[in-house]
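Open the model in your viewer and keep the selection tool ready. We will go stop by stop.

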Amino acid sequence: MRPDLSAASVRLDPADIVGPVHRRLFGSFVEHMGRCVYTGIFEPGHPTAGDDGLRGDVLDLVRELGVTTVRYPGGNFVSGYRWEDGVGPVDRRPTRLNLAWHSTETNAFGLGEFMHWAGRAGIEPMLALNFGTRGIAEALDLLEYCNHPGGTALSDLRVEHGDPDPYGVRMWCLGNEMDGPWQLGHRTAAEYGRLAAETARAMRQYDPGLELVACGSSGRAMATFGSWESTVLEHSYDLVDHISAHAYYELDGEDLGSFLASAVDLDGFITDVVSTADAVGARLGSAKRLGVSVDEWNVWYLRRHMASMAGSDPADWPAAPRLSEDDFTVADAVVVGSMLVTLLRRADRVQAACLAQLVNTIGAIRTEPGGPAWRQSIFHPFAQAARLAQGAVLRCDVRSPDTPTARYGDVPAVDAVATWHDATGDVTGDATDGLGGSRLTLFAVNRRAGEPVRFEVDLAAFGPGLRLVGATVLADADPAAVNTQAEPDRVAPRPHPDAALTGSTVQVTLPPASWNVVELRRD
Ligand code: AHR
């Protein structure tokens, strides 16, 4: 019999584990950019906000999204930020220029408000340090303010500001995108590497257990990509735990095929960062291996953003302007899903990731001032992965027909990953969803824009007892469909019309340009 050329298949084995599902993979990012903070997470007077000014409707959606960690306060913003401006009595806080985003920063929301928000949202804070206009002294001051219990000038200041308990921030980004000429205080790799190393050394004198992230390249397309990582890590390898990578993708004209295959580039990017970091480790004779923190990733219509910035009045410095508030499409959601597949599949090295950003600005959640909040299309794959990816990531080598793309050549049409929580003795990662039983979840994307692909998953290695308990698909006859205030649930996962478990094989038809989730359970 001739093989069916439009079918993909994979054989899964519960013993073939890539690594644990790192909960920090489901991080996000709140920057003082546009309306992410103001009228995003924070809007005093909003009908759902209490005395703290935090929007309750947004908090509910953040919890539903399943975000575990949030990076704050930037982004490009942090490279000109004075954290002291955002603490203490609000009426004494200065209004400043936000040079990164050509806007005005009132500082009505700052560190204390963020920590309070993080507590209410149930997320771990991840703070970024200003390496643009500031240096070691200010980083140490912020560390003391945040983490020291009391009895020193800055820890007592925090107590005076109403927070007696230290914040206990563990994960710190040593600057942001310091390779980018757009960054305030942009440095050469050697300059940055030295500063990162000396700041890390100083911070570790206070607490050797901190987790520190060195800035990698702000994109794989940077001319300095590779050499930047290499030089920075020559200086800082032994002093940091992770190297960052930032990845944004957008639909270029009509080229939907290449756009749907964006995760091919992300996968190659991660491989390159890991190889470069490991080469430095080898050269230094170090047994240590660094993690990769993909602490900014998403679909971002950057060209549109640049055009709108170029067209704005240079004399105008608005507070909380509408920046990069694109309505995400079905295709965008499929790309975000496929990036999640990649991030999970690289769980051997990717230990943290932040969907950039959380609200309004490139956000998974959209709000109207004084009005409602709703889920963008990209909210859904993220929320499903955060909730259903539990335990360990299994190796998932899919045999797939190819699909042609203009940018990446022929790429596999189907991309997939599986996670397995074995209730009888999982040693690779605990389930965090509180459900009993063993659970297998399969996440699969069809990157073909025009044709469905049949997908067969062989589960014989799991033995008897698995039941299919759910299957959903996010796809649409119109890949440009979006959620809006008037139609907030236009794009959402729907029950899968065509997923079945026969014997030990799952068979599912993946519609064109689709994100699919299949859940199995054993009691
Ligand atoms: O997330 C938006 C911006 O993208 C961030 O401020 C910056 O770090 C990146 O270039």
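Start at the ligand and select the residues around it. The shell holds 13 residues, and Glu31, Asn76, Glu177, Tyr248 and Glu296 come nearest. A residue counts as near if one of its heavy atoms lies within 4 Å of the molecule. This is a predicted model, where local features need pLDDT of at least 70 and side-chain atom pairs count only at pLDDT 80 or more, while totals for chains, interfaces and linings use all residues. Residues are numbered from 1 along each chain as its sequence is written, and side-chain values use heavy atoms, with hydrogens and water left out.

Color the shell by class. You get six nonpolar, four polar and three charged residues. Ala, Val, Leu, Ile, Met, Phe, Trp, Tyr, Cys and Pro count as nonpolar, Asp, Glu, Lys and Arg as charged, and the others, Gly among them, as polar.

Next, look for polar contacts (pairs of N or O atoms within 3.5 Å). Select Glu31: a polar atom of its side chain is 2.6 Å from a ligand oxygen. Go to Glu296, where a side-chain N or O atom lies 2.7 Å from an oxygen of the ligand. At Asn176, the distance from a polar side-chain atom to a ligand oxygen is 3.0 Å. How much of the ligand's accessible area does the protein cover? It covers 95% of the 280 Å² that the ligand has on its own (Shrake-Rupley method, 1.4 Å probe).

Now select Val411. Find it in strand E17, residues 409-412. Is Val411 buried or exposed? Val411 is buried because its relative accessible area is 2%, and buried means under 20% (1.4 Å probe, protein chains only).

How values were computed: Polar contact = N/O pair within 3.5 Å; in protein donor to acceptor, adjacent residues only side chain to side chain. Helix = DSSP H or I, 4+ residues; strand = E, 2+ residues; numbered from the N terminus. Buried < 20%, exposed > 50% of the residue type's maximum accessible area, 1.4 Å probe, protein only.
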